[in-house]
Amino acid sequence: MKYTLDTLPVLDAYRENCECPLCRLRISCEDQYVDSMLGTAYMEPECRIKTNETGFCTRHFELMYQRRNRLGLALMTHTHMQEVVKDLKRILESGNASKGFFSALRGGKSSPAHGEQIRSRLSGCVICEQINSALERYAYTIAQLYGSNAEFKQMFEQSKGFCLPHLALILDMAERTLPSSQNTAFTSALAALELQNLDRIEKELEWFTLKFDYRNTDKPWGNSRDAVERSINKLMGACVGEEAQMPAHND
């Protein structure tokens, strides 16, 4: 197998036999990018320009806050806040609310309302953008490896599929990047794998509920003890339980 920077992480994720290898890669990327943002990156001019303009979502502000590098976080937040306040003044002083109303009455195209403009200004996140870009590369790598490497093809077919958001991502990627015949073979194999594993986890979740019937008290749990967490993660991407945990940090 020819290894690349994206191949090795993909193989490592598949070797963990988790419910969704792309979720595992997402969490790993998220951890790296949060650390990087609070390392030397926040002193680099290009990074500061980007963070000043785009900012961070609630989750990634929270994760950076937990890392305890308060100086780095304060520096980034301060200059980002300056940019946001500057834009907020422009929005609030523009009078778009009344202009938009009268323009609509005249049959013209109304300007976005103040609330819509503020929500749009706060909608970006530098770390989310980095994660999404990395997952696009990993999805591309998976689609390419399936048709070109027998070892990976076997790993793929013995895996547990993907969470539904990442299933959509990899189907889109395969359609965009694979030749028609390869895309047909890949999506057919992926569909069979995904439906098989959704059926498995649905049955495990059902058995979890049935275990609360007194008639099943003495029957074995099987693989159902964590079926609630795995079902939620399969539907929405890793967000609860052990699969969603970030690596431990001592900082």
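How do the residues of the lining of the largest cavity divide into nonpolar, polar and charged? The legends below take that up. This is a predicted model, where local features need pLDDT of at least 70, side-chain atom pairs count only at pLDDT 80 or more, and totals for chains, interfaces and linings use all residues. Residues are numbered from 1 along each chain as its sequence is written, and side-chain values use heavy atoms, with hydrogens and water left out.

**View 1. The largest cavity holds about 60 Å³ of space.** A cavity is a set of points, on a 1 Å grid over the protein atoms alone, where a 1.4 Å probe fits but cannot get out, and lining residues have an atom within 4 Å of a point. The volume is the space filled by probe spheres set on the points, which are joined across faces, edges and corners. Here the lining divides into 5 nonpolar, 1 polar and 4 charged residues; Cys counts as nonpolar, Glu, Lys and Arg as charged. Among the lining residues are C23, R24, C163 and K234.

**View 2. The second largest cavity has a volume of about 30 Å³.** Look for A13, Y14, N17, C18, P21, S159 and K160 around it. By class, that's 4 nonpolar, 2 polar and 1 charged.

**View 3. There are 0 disulfides to spot in this structure.** A disulfide is a pair of cysteine sulfur atoms within 2.5 Å. For C163, the nearest cysteine sulfur, that of C23, is 3.6 Å away. C163 is buried (under 20% relative accessible area; exposed is over 50%, partly exposed in between, with a 1.4 Å probe and protein chains only), at 1%.

How values were computed
1 Å grid on protein atoms, 1.4 Å probe; cavity = no way out; pocket = protein on both sides within 12 Å on 5 of 7 lines; lining within 4 Å.
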